[in-house]
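Take a look at the sequence and the model first.

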Amino acid sequence: MTAPLAADFPTLADFGHDPWWLILIKAVAVFAFLVANPLVAILLERKIMARMQSRIGPNRVGPRGALQSLADGVKLALKEGIIPSGVDKIIYVLAPIIAVVPAVMAFAVIPFGPMVSVFGHRTPLQLTDLPVGVLYVLAITSIGVYGIVLAGWSSGSTYPLLGGLRSTAQVISYEIAMGLTFAAMFLDATTMSTSGIVAAQDRHWYVLILLPSFVIYAISMVGETNRAPFDLPEAEGELVGGFHTEYSSLKFAMFMLAEYINMVTVSALATTMFLGGWMAPWPLSAFDWANSGWWPILWFTLKVWVFMFVFIWLRTSLPRLRYDQFMNLGWKVLIPISLAWVMVVAVIRAATTDASELTRALISAGAGIVVTALICYAIWRSMRLPDQPDEIDSAGETFDPMAGGFPVPPLPGQVATRPSGSKPPTHKEMTDA
């Protein structure tokens, strides 16, 4: 892979010198990118899901249904907004805003491209950057979860409250694993700024040498965005709609907007950290023009949409996980393996201090393949059903159908110790037992 010129990579010293009008143009461009992507994503999601499920999908509004997302947005905006009685009105109204604003703010440190010239001013294709840019994204996206939690609590209804509680547990479980994947990457890149992480991948992308971090992050980002098969805070079959059950009109649309913007944000962060950011993929990277000028915006957008397609693919293909499976995956698989992988990366980094960059990369890639295989095996073990005997050998076995206080039917061949017409045990009998 041919690396871009060093002058094309922005550094922290290149930020903070733009005139106010250029900063305003960048901010508007980022906001337009974030608003346009959900409109396209909602339409393509419905089209792709229809294609995968042998359906037609939207095809009436506009050419081949191209204006369906816009029509849905206008419809939601013009519908009557209903506020149920008994809600905490202030928090109920603020919750959708709290969900949307951090999702937009997190994109401030995402690099779209290298240094370019705009009206005679040389500037990076990035709104701003920080020495702890990745931690800024983590902090901001964590604030967005408060919107979901407060929406469930302020609605004054059982199902939204359960959805809010599930969201809290979900974020705690999966942000730990996500943060540990960042720790492994920080050890190799020796920086936390997003522009510096892209520059550190000028020779090899981190998806090749830090494969376990990529796999764990890819799983965690689906849980962070509450997307299927991890959409437990919504869970239409169990909780009607979860945290947004009592929302309608524009407030409901804001929650939907926040979900899709968060999908774009985590996809952009995955692109920045593991797929070389705005750098062109091989073999296009062999050409100097591919990594300079405005072309990198195209490569960045295409990489983001690879992840967006995977989001849609997962929703179409996989059923929702049970809650116990979901928690087991986070706490018993992802977090322990993430912690072990951080230690492995630290040991490799310390042991190969005097080795060449190629040697270090090969050792990291080999260790990554082994740990990734361990992750796949652990996920398979945690998700598979327990072994069931081929035949139930319970002939003549007696059991108490009221043990535990709840009547259960007998298995074939079992004999109930309590007559069917007898009274259930009292609380004292159950306590003594």
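Which residue forms a salt bridge with Glu45? Arg227 does, with the closest N and O atoms 2.5 Å apart. The two partners come from distant parts of the chain, 182 residues apart: Arg227 sits in the loop between α8 (211–224) and α9, and Glu45 in helix α1 (residues 20–52). A salt bridge here is a side-chain nitrogen of Lys or Arg within 4 Å of a carboxyl oxygen of Asp or Glu. Helices (H or I, at least four residues) and strands (E, at least two) are DSSP runs, numbered from the N terminus.

Before going on, a word on the basis: this is a predicted model, where local features need pLDDT of at least 70 and side-chain atom pairs count only at pLDDT 80 or more, while totals for chains, interfaces and linings use all residues. Residues are numbered from 1 along each chain as its sequence is written, and side-chain values use heavy atoms, leaving out hydrogens and water.

**Salt bridges**

The structure holds 8 salt bridges, including these:

| Pair | Closest N and O atoms |
|---|---|
| Asp18 and Lys26 | 2.9 Å |
| Arg227 and Glu45 | 2.5 Å |
| Asp324 and Arg322 | 3.0 Å |

Asp324 is partly exposed, at 38% relative accessibility, and Arg322 is also partly exposed, at 44%. For these labels, buried means under 20% relative accessible area, exposed over 50%, and partly exposed in between (1.4 Å probe, protein chains only). Asp18 and Lys26 are both buried, and Arg227 and Glu45 are buried too.

**Helix α12**

Helix α12 (residues 323–351) has 29 residues and reaches 41 Å from first to last C-alpha, close to the 42 Å expected at 1.5 Å a residue; the expected span is 1.5 Å times one less than the number of residues. A kink of about 30° lies at Leu334, shortly before the proline Pro336. That bend is the angle between axes fitted to the seven residues ending there and the seven starting there.

**Around Gly237**

Gly237 is found in helix α9 (residues 236–239). Why is Gly237 called exposed? Because its relative accessible area is 74%. Gly237 and Arg320 are 83 residues apart in sequence, with 9.8 Å between their C-alpha atoms.

**The chain as a whole**

The protein chain has 14 helices and 4 strands. Buried residues make up 46% of its 433 residues.
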